[in-house]
Structure formats: C-alpha cells, structure tokens
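Dear colleague,

Please look through the structure before reading on.

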Amino acid sequence: MKRSTLSSAVGGLCLAMTLQMLITADTKASSPAVIQPAVATAESVIKLYQDNCASCHGIERLGSMGPALLPQNLKRLRKKSAVEVISKGRAATQMPAFGEKLSGKEIQSLVSYIYTELPTIPTWDMLQILASRMVNQSSDSLSNKPVFDADLMNLFIVVELGDHSATLLNGDSFEPIHRFKTRFALHGGPKYSPDGRYVYFASRDGWISKFDIYNLKTVAEVRAGINTRNLAVSSDGRYAIVANYLPHNLVVLDTETLKPLKVIETRGRNGETSRVSAVYNAPPRNSFVAAMKDLKEVWEISYEDEPSSDFSGWVHDYRKDSGENREIEPFPVRSIKVKSYLDDFFFDQSYSLLLGASRQGEGIVLSLDAGRMVNELDIPGMPHLGSGITWQYQGKTVMATPNLKEGAVSIIDMESWETIKKIKTNGPGFFMRSHKNSPYAWVDVFFGPNKDQVHVIDKASLEIVKTLIPAPGKNAAHVEFTKDGRYALLSIWDTDGALVVYDAESLEEIKRLPMAKPSGKYNVFNKTRYESGTSH
Ligand code: DHE
C-alpha cells in the first residue's frame, strides 16, 4: 500500500520556501489528497455510494457529518453488522435506515465497497496541518476589552446545526449578541479558554476554529485531522488537543497560534492503531485523558512542563528505546490497560476516577492514580457517559447517566458503585443536565415517538416531577443552565427550531428565541468552572 505525504511533495524545496509555505494559509493543502476509487470497484457501487452515502460520509469515504468508511475505521464492526446498520439505521446517530430504499444485493455491494482499502491511504501529517492554518487577525490588532456590555461569565455559545452557525447569547437578558458562521457539522462541546475570552470549535471534518468573543471574530483556524471527534483545552489555556478518527492520532495545538506542537499516533501495546473515542481535560492532574475506540487502553497525556515520573514509561517505549536516562518528550503518554473498549467516559469531581463504558454497556471504574480498574459499573444498554453528571443525594455522591438505547436513567452510588435506582423514562435520552443550585436534573427523550418530551427529575426524591413538551412533534433536547442555575435553556432541535428559556425553579417558560436546529449550548461560567451538573 502506497502512502502519500505532503512532505515528499515538498521534499525538493529549500527550507526557506517550505517555511514560507507553512506560514501562508494554503487552502489547497486544507483538503486531504483526492482518492481515486479502486479500479476493480464496479461503477454502479460507486454511484450507489455517491447517491446514498457520500453526503454524510464524504465523497472519498473520508468522513464528514458521518464517520469515515474505511477498513481501518471499521475494525469493530463485522460485515454482518454493517449490513444491519445500513438496512436498519444506527441507534443514537443520524444514520437512517436504507432497508426500504435499497435491495439486499445493493446493501451487500455497499458493504464490500466500504471494506475495500483505498488505493492510497490518506495522510494528514504535521506539515499538512501546519499548511492548512489560517490566521485571520493577529491578536495585537484586537482589543483586550469586549466590544459589548454583558456579564462575561454568563454568556452562552449556542451551536446552530441547521445553517452551521453559532450565536453568542447574553445569559441575563437572553438577547443574542452576535451570530456567526461556523465550519460544517460541529460536534462535541466547544471549549473555552480559562478566562472565557476565546472559544474553540471542532468540526467533524477536522477544522478547529478559534473565536475571539471579546472582538466577535474568528481569529484563526487549522485543520487538525480528516475525521475528528472532539477537542479539549488545558487548564492553563496554553494547549488544545484534538481527538481524531482519521488519521488515528491526537494532535496537540498551541492555542495562541493554533500551530501544531505534536502529532501523537495512537498506536497501542499490540502494535495496532486506533480511532480516539474522546479526549477531555483533567484539571487537577494537568493532563488530558483519552479513550480509544479500537484499543483496550486509556491514555493520559501530561501537559506539565516537567511531567511526573508516572509518565516516564510513556507509550512509545513499547516501540522505541527504553533506556533509563532517556529524556521525557513534551506531552508524554501514560497508557493504562482496560478490559473493554471505551466509547464514552467521564470523571468523578476529583478527577482521580474515570467512569467509562463501551456502547455495549461494559462499564468500568478506573483509578487514574493507581492506573487500574477498581470496580465495575452496572450500566447495561448503551450508556451515554459523556453526558453523565453527579450530585449529592442523602449524604452520598451519586452519578446519573442517560441511556441511548433504553428508556432509563441509572442513578449510581459512587462509593458502593451500586445502582440506587433506574428511573424509567419515556424513551432513550441523549443529554442530561443539572446545576448545583438547582433541585432538578433534566433529561431529554431524544429517540422514538416521545422525542418531543423532556423529563425533570427531583434530585432529592429521584422521581420525575414534570414532563415538558415545549413543541409538540419536534425533538426537544439538550439543556444548559445559567451561571447561577436560575434558568435552564433547552433546544427545539429542528430547522425551524428555537431556544426555550425556563425558570429552573417554577419550570415555567420565560422566553423563546427562533433558531436553526440549535444543538448544544455552553455557559462560560459552568464550563470554565467544571460545574458538576454539566459536561466537561
Ligand atoms: Fe455526540 C458530544 C460521541 C452522535 C451531538 N458526542 C459528544 C462527545 C462524544 C460524543 C464523545 C463529547 C465530546 C465533547 O463534548 O468534547 N456522539 C458521539 C457518538 O459516539 C455518537 C453516538 C455517534 C457519532 O455520530 O459520532 C454521537 N452527537 C451525536 C449526534 O447524532 C448528535 C445528536 C448530533 C450531531 O451533532 O452529530 C450529537 N454530541 C452532540 C453534542 C455534544 C456531543 C451537542 C456536546 C454535548 C455537551 O453538552 O457537551
């Protein structure tokens, strides 16, 4: 298999020219090499793919709104299951069912097609990342004061998927301050700098955008991957890390310039590479923690200037020299073995425990300090731990997580790890939220006939006390609270949608703002303070 790299293309250029090329934004370099389909593939399959799959999975199968469809990204999906996914759709994703539209033979041929290697493995290396970088405005020419008047800690960014935009919202008046274009198909929560001035977005096709809230401008962008999961920002605000499905790597960026500092290939102890399920910042540890989709390993990546000795056995030792006096490179990796693949995870509030699960529901409690599993997590179905939250219940800390397959919210005691209660809901849910000042936790019913419902759970009695239907027939989902927890903001997830503001105590509607398929909303205070009721 031939590898195409930009570095070989520029191999003949002198260093000065190369550097110039890297500094200048090169839009051509912002797309991975165009891949020609394998000669042996029948034209009809290609047409079938282009007509039915390409709009979400990319013309070249490199992923866009949907994941890349290449053998190296489909390792955990048997061909038989792939037939099922195409025929019946995939739970908890935007993947529709094609069983009615395509014949069995057509589905089979599509499956063979997506498991066929591309003639050239696309690369997206350090040089390509650097060459994709665009700086729209230097920070020297921008004001250090906001160009609007508002409580800077009570601002929200609301992502609108309908027309690939975002709105900066005043969290006191609930008036939009500014609406701007984003990259195509953002996914995962945008992440703020610790002071809340900048917000970083990741799109599914790898673009990272830095938006200056004070000046209402996208100041820099870089394409960090071909098919991206999410990004995290370090506690000191100096670094961002991007988790990719394609290539199989993590990319560390300098947040000031968005220049790539390190590309960490996610190659495990068994020599195989893996997609990254997700990466998060672990504030007290000064590290990023990542779960792997195709490896039974969790990685911790230190961003300390002088990483602790825990990181001296960094993962690349498995492949390289492990001499005792070797210097530790920046962003060293510590790999912890786990018993199952982790598709999703979150932390306890001290960040010493990682609570993770595969989409098949094999849950674990991992001690990051001890570097080993300390308990099992009883969460069958398809838990959505990325949306897990914690609160105090009868003197204990409990965690709660919605389930993408079952109409239930599991409440788990974080000392005994026993399920205290499984609250039955009117269908599987995607997102769960609360706030330390609120007596309630909110969970949506994202899937099924009751997708227009949102349950409000009393955190003291663990009972559903109200079920809201803000827009009958339209998907209602994803809640976020204001800084003080007095108001809860909810999305009507529809092209002709809205953001609905509720009084979080009386549960009465306060305001409704029309929006284009608003998805997530992110409060600066709650996010930068890692509030226990919200995602991190
Ligand atoms: Fe997400 C966050 C994984 C499908 C909307 N989603 C996340 C995160 C992960 C994840 C790991 C946490 C990253 C972060 O915030 O930094 N999502 C997955 C999947 O594995 C899944 C099921 C399949 C997939 O397509 O990748 C999936 N997600 C979806 C959707 O279909 C949603 C509803 C629409 C969309 O945008 O594609 C969706 N995911 C979101 C949103 C967040 C998110 C809005 C941020 C939530 C938050 O409040 O932090």
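**The ligand and its surroundings**

The iron atom of the ligand has a single protein donor, the NE2 atom of His187, at 2.2 Å, and this residue sits in the loop between β6 (176–181) and β7 (191–192). Please keep in mind that the model is a predicted one.

Around the ligand there are 26 residues, the closest being His187, Lys191, Arg204, Arg433 and Ser535; by class, this shell has 11 nonpolar, 10 polar and five charged residues. Strand β15 provides the largest share of the shell, three residues, while β11, β15 and β35 each supply at least two. Oxygen atoms of the ligand have polar side-chain atoms of Arg433 at 2.3 Å and of Arg204 at 2.5 Å, and a backbone N or O atom of Gly189 at 2.8 Å.

**Salt bridges**

The whole structure holds 26 salt bridges. In one of them, Glu175 pairs with Lys511, with the closest N and O atoms 2.8 Å apart; because Glu175 lies in the loop between β5 and β6 and Lys511 in strand β34, the pair ties together parts that are 336 residues apart in sequence.

Another joins Glu300 to Arg334, with the closest N and O atoms 2.6 Å apart, and it links strand β17 with strand β18, the two residues being 34 residues apart. Glu300 is buried, at 2% relative accessible area, and Arg334 is buried as well, at 9%. Both belong to a network of salt bridges that also includes Arg285 and Asp369.

Kind regards

How values were computed. Residues numbered from 1 in each chain as written. Predicted model: local features only at pLDDT ≥ 70, side-chain atom pairs only at ≥ 80, totals over all residues. Heavy atoms only, no water. Near = heavy atom within 4 Å. Polar contact = N/O pair within 3.5 Å; in protein donor to acceptor, adjacent residues only side chain to side chain. Helix = DSSP H or I, 4+ residues; strand = E, 2+ residues; numbered from the N terminus. Nonpolar A, V, L, I, M, F, W, Y, C, P; charged D, E, K, R; others polar. Donors = N, O, S within 2.8 Å, 3.2 Å for Na, K, Ca; no water. Salt bridge = Lys/Arg side-chain N within 4 Å of Asp/Glu carboxyl O. Buried < 20%, exposed > 50% of the residue type's maximum accessible area, 1.4 Å probe, protein only.
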